Amino acid sequence: MLSGRCKGFDEMKKYWADLGASVVVFLVALPLCVGVAVASGVPAELGIVTGVVGGVVVGLLPGSTMQVSGPAAGLTVLVADAVGRYGIQALGVIVLGAGLVQVALGVARCGRWFRAISPSVVQGMLAGIGLVLMFGQLKPLVASPVALALGLLTVVIMLLWQQTPMRLVPGVLVGVAVCTALASGFASPVERIEVGTLSADVHLPDFSLLHAGVLGSAVVFALVASAESMFSASAVDRMHVGPRTRYNRELIAQGVGNTICGLLGALPMTAVIVRSAANVQAGARTKASRVLHGVWLLLFVVLLPGLLTLIPVAVLAAVLVQAGWKLLCVRQVITLWRTDKAEGAVLVLTAGLIVFTDLLTGTLIGLLAAVVKTAWDVSRLSVTITTDGVALKGNATFLRLPRLLDALERVDREHVRMDLSGVRHLDQACGQAIDQWVDESRRAGRTVELVGR
């Protein structure tokens, strides 16, 4: 009897913990959902719709326990570019296609492969997105002296609030609430959020807009969203002691969520580290917390949408500047640069190209640079001129071919002993160069002895 009561008490504590955590995550998610939507160039309520789907639908699916999904600042640049090129009507088609690609990747068990991307490229991608996000908010922030003051005050409040004993209440919510109240109380002449109705903005995708450019965008959305979700899963798993993420199932869950968002014409979603961390830190125990946070978002957008119209655009811009700064991860960038200059160069190259070109170009070139850097590191070849001839040790690849040829040209003996026993890998380029040098030496009357080949 006593053990049964204790078990029931533990279950009650777990449910209360999930309920409290869901409220905290809701308060974190609300301003971010709206801010990401506005920065992406779509109606604010579409961001909340994505948050609802991420909570209620993805939250119920298997994969991860603590991750919370919704519209992410990391996709803002992609969405804004796609909406600018193809129009908002094409957004549903792109997100739907991205969701289907994610489901296919999950079924094909590709979830863990996203973790194999070089950390320097990932950090560079996030840093580039953060910079673009921050630069994109300059216009609403400097629209007027009042807008700039509200934006700066929002940032100051968010930063200072985290140092108070009441930091369980999200600083982003406090900053938005205080500055919105000040703007309303003084009737400040600043631009505010425009909110429509769900019936007007939620719509089925228009498949007549389907073409090669839209399909390409869908694939890019899928890859970037999947990578961000998988990286988030890896980080969140280190924050708690509960069940680990099942990556392939989580990828399928993200795909299902994006498929539904596409059918509703909403923003794409990813697992978001900010919400997920808030969920863990608030004491969540089960999936119930993330599902309930979606329920609170749904109730808000249905019952209290008018409150969003009070929020100044500059205040949300300040929230996104802070989000961009977090994506930049200056401390990690400095640490990486100090420990490995080459990896740091890959990071800077990726971030810079994203800022000056676009996300896809920057990421692809960054990946190529990381591959070349890795190949160079792996291709370590020692070429030693000995009394008998020459000895090679390591990996003889085309990247080390000039060094090999220079060493062979310095060999000037009648009898040459070439020791290849220390070579772990000999690619075709170096193999052909050695064969050619041996043939030329023999034609010149030298005796060449090959060892270890």
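**Two spots in a predicted model**

Okay, Glu-343 counts as buried, because its relative accessibility is 17% (buried is under 20% relative accessible area, using a 1.4 Å probe and protein chains only). Before I go on: this is a predicted model, where local features need pLDDT of at least 70, side-chain atom pairs count only at pLDDT 80 or more, and totals for chains, interfaces and linings use all residues. Residues are numbered from 1 along each chain as its sequence is written, and side-chain values use heavy atoms, with hydrogens and water left out.

So where does Glu-343 sit? In helix H16, residues 341-356; a helix here is a DSSP run of H or I, at least four residues, numbered from the N terminus. Its side chain makes a polar contact with the side chain of Ser-120, at 2.6 Å. By that I mean a pair of N or O atoms within 3.5 Å; within protein, one must be able to donate a hydrogen and the other to accept it, and residues adjacent in sequence count only if both atoms are side-chain atoms.

A polar atom of the Thr-350 side chain lies 2.8 Å from the backbone oxygen of Val-346. Leaving aside neighbours within four places in sequence, Thr-350 is in contact with residues including Val-121, Met-125 and Thr-363 (contact means heavy atoms within 4.5 Å).

Now, the other spot. In H18, Leu-401, Leu-404, Leu-405 and Leu-408 meet Ala-429, Cys-430, Ala-433, Ile-434 and Trp-437 in H19. That's it from me!

How values were computed
Helices (H or I, at least four residues) and strands (E, at least two) are DSSP runs, numbered from the N terminus. Buried means under 20% relative accessible area, exposed over 50%, partly exposed in between (1.4 Å probe, protein chains only).
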